Amino acid sequence: MHAIQPETSGAPRAVPVPAQRSAAPAGGFAVVDVETTGLGRSDRVISAGVYQLDDEGEVTDHWYTLVNPERDPGPVWIHGLTAQVLADAPTFPQIAGEFAERLRGRVMVAHNALFDWNMISREFSRAGLHAPVDQRLCTMVLSRDLRLPLPNGKLASLAAYFGVQQRHAHHALDDARVLAEAFRPSLHLARQGGVPLPLQNCVAVTDLGEDEPVSAARSTWTGASYRQARKRPPCPYPNPGRWEDGKPLVQGMRVAFTGDTATDRELLEDRAVEAGLHIATSVSRLTSLLVTNEPGSWSGKARKAREVGTPVVGEDAFLQLLREVAPHPGA
């Protein structure tokens, strides 16, 4: 459900982060997919599929389980798991040990990995445990780094590119299988082309935030985990308007971010503030620019940007634009 902004042959590459883009451990990979009751931080995992791969991307084992969320299962029309189907399933604490063994010592691979990691990490935290994952790899980011000519960021598009057949979309085990089969050639392409794997360090979620809803003005998603938004000084420049393609950013422009990024979100925001830009927590007609690697996603910011015509650029292009931000005309 996520789209990747197409790159032209002259498009800049994302700036690598050496500390995070290291070689995969000898333990190999755990390709993961979870189905959930929704997209919020109080939502629950209702099924999980894991394909274990060796360091060359070859399948060594797979595992699947339903999970009783002990609440409404959410959008049944998407995942097909009704309350009746889940009633006799084990709860997450009951499967946490086996799930942990499937992950331990491996890089967790997922399509939109930040989402899967946060959902899994929260479930382990609720059970009083720690998810044994040190690094994750997002295949959406890897596809972008490989410059695959995909029409969007959907798993179906990645699968079609490598000739992998989807049999049961939104079924955790089949989605994990499809991703495992598409990840193997992606891994080989990366190694043959000398493209570093976009590994991200995993920080366990400890603030479940389930007692009250959290507004965008008070908190935000940044980097590997949910963190309290840091108060920043107000931007000293008035908004000069929308960014225009082919022109530089101008101090005072309102920039919003959404989706997973190869660079830590807080670092991106810090660099934007240092350049004289305003960090917007939502998108409106006044927003100068939306930065996202998945412009076709159904996030609130991406949808609003499409609705009001807010310009959109990818993370790599934004990093290039940050190099030369024009001074505000009234400065």
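Analyst: Of the 331 residues of the protein, 52% count as buried. Buried means under 20% relative accessible area, exposed means over 50%, and partly exposed lies in between, using a 1.4 Å probe and protein chains only. This is a predicted model, where local features need pLDDT of at least 70, side-chain atom pairs count only at pLDDT 80 or more, and totals for chains, interfaces and linings use all residues. Residues are numbered from 1 along each chain as its sequence is written, and side-chain values use heavy atoms, with hydrogens and water left out.

User: What is the mean pLDDT of the protein, and where does pLDDT stay under 50?

Analyst: pLDDT is the predictor's confidence in each residue, from 0 to 100. The mean for the protein is 83, and 83% of its residues reach 70 or more. Residues 1–22 stay under 50, and the model has 69 contacts beyond four places in sequence for them. The pLDDT is also below 50 over residues 211–229, a stretch with 43 contacts in the model beyond near neighbours in sequence. Contact here means heavy atoms within 4.5 Å.

User: How many helices and strands does the protein have, and what makes a run count as one?

Analyst: There are 10 helices and 12 strands. Both are DSSP runs, numbered from the N terminus: a helix is H or I with at least four residues, and a strand is E with at least two.

User: What makes β1 and β4 a pair?

Analyst: Two strands pair if DSSP finds at least two bridges between them. Strand β1 (residues 29–36) and β4 have 3 bridges, in the parallel sense, so they pair by that definition. Val31 stands opposite Val109 in β4. On to β5 (residues 135–138): 3 bridges join this strand to β4, again running parallel, and Leu137 in β5 is the bridge partner of Val109. From β4 the chain crosses through α4 to β5, in a right-handed β-α-β crossover. Right-handed means that, with the strands pointing away from the viewer, the path from the first strand over the helix to the second runs clockwise.

User: Which way do the residues of β4 point, and are they buried or exposed?

Analyst: In β4 (residues 107–110), Val107 and Val109 point one way while Met108 and Ala110 point the other way, and all are buried.

User: How do you know that the span of α4 agrees with what a helix should have?

Analyst: The expected span is 1.5 Å times one less than the number of residues. For the 14 residues of α4 (residues 113–126) that should give 20 Å, and the end C-alpha atoms are 20 Å apart, so the two agree. Gly128, with a positive phi near 75°, follows the helix.

User: Why is α4 called largely enclosed?

Analyst: Because 11 of its 14 residues are buried, α4 is largely enclosed by the rest of the structure. Among the buried ones are Trp117, Met119, Ile120 and Phe124, along with Asp116, Arg122 and Glu123.

User: How does α7 do on the span check?

Analyst: The 22 residues of α7 (residues 172–193) should span 32 Å, and the end C-alpha atoms are 31 Å apart, which agrees. Gly194 follows α7, with a positive phi near 70°.

User: Why is Glu181 called partly exposed?

Analyst: Glu181, found in helix α7, has 28% relative accessibility, so it counts as partly exposed.

User: And why does Asn152 count as buried?

Analyst: Asn152 has 18% relative accessibility, so it falls under the cut-off and counts as buried. Asn152 sits in the loop between α5 (139–145) and α6 (155–161).

User: What is the order of the open sheet, and which are the edge strands?

Analyst: Its 4 strands run in the order β10-β9-β11-β12, with parallel pairing. The edge strands are β10 (278–279) and β12 (312–313), as each pairs on one side only. Strand β9 (residues 254–257) is joined to β10 by 2 bridges, and Val255 has Ile279 in β10 as its bridge partner.

User: What makes Ala280 buried?

Analyst: Its relative accessible area is 4%, so Ala280 is buried. Ala280 lies in the loop between β10 and β11 (289–291). Leaving aside neighbours within four places in sequence, Ala280 is in contact with Arg254, Val255, Ala256 and Lys301.
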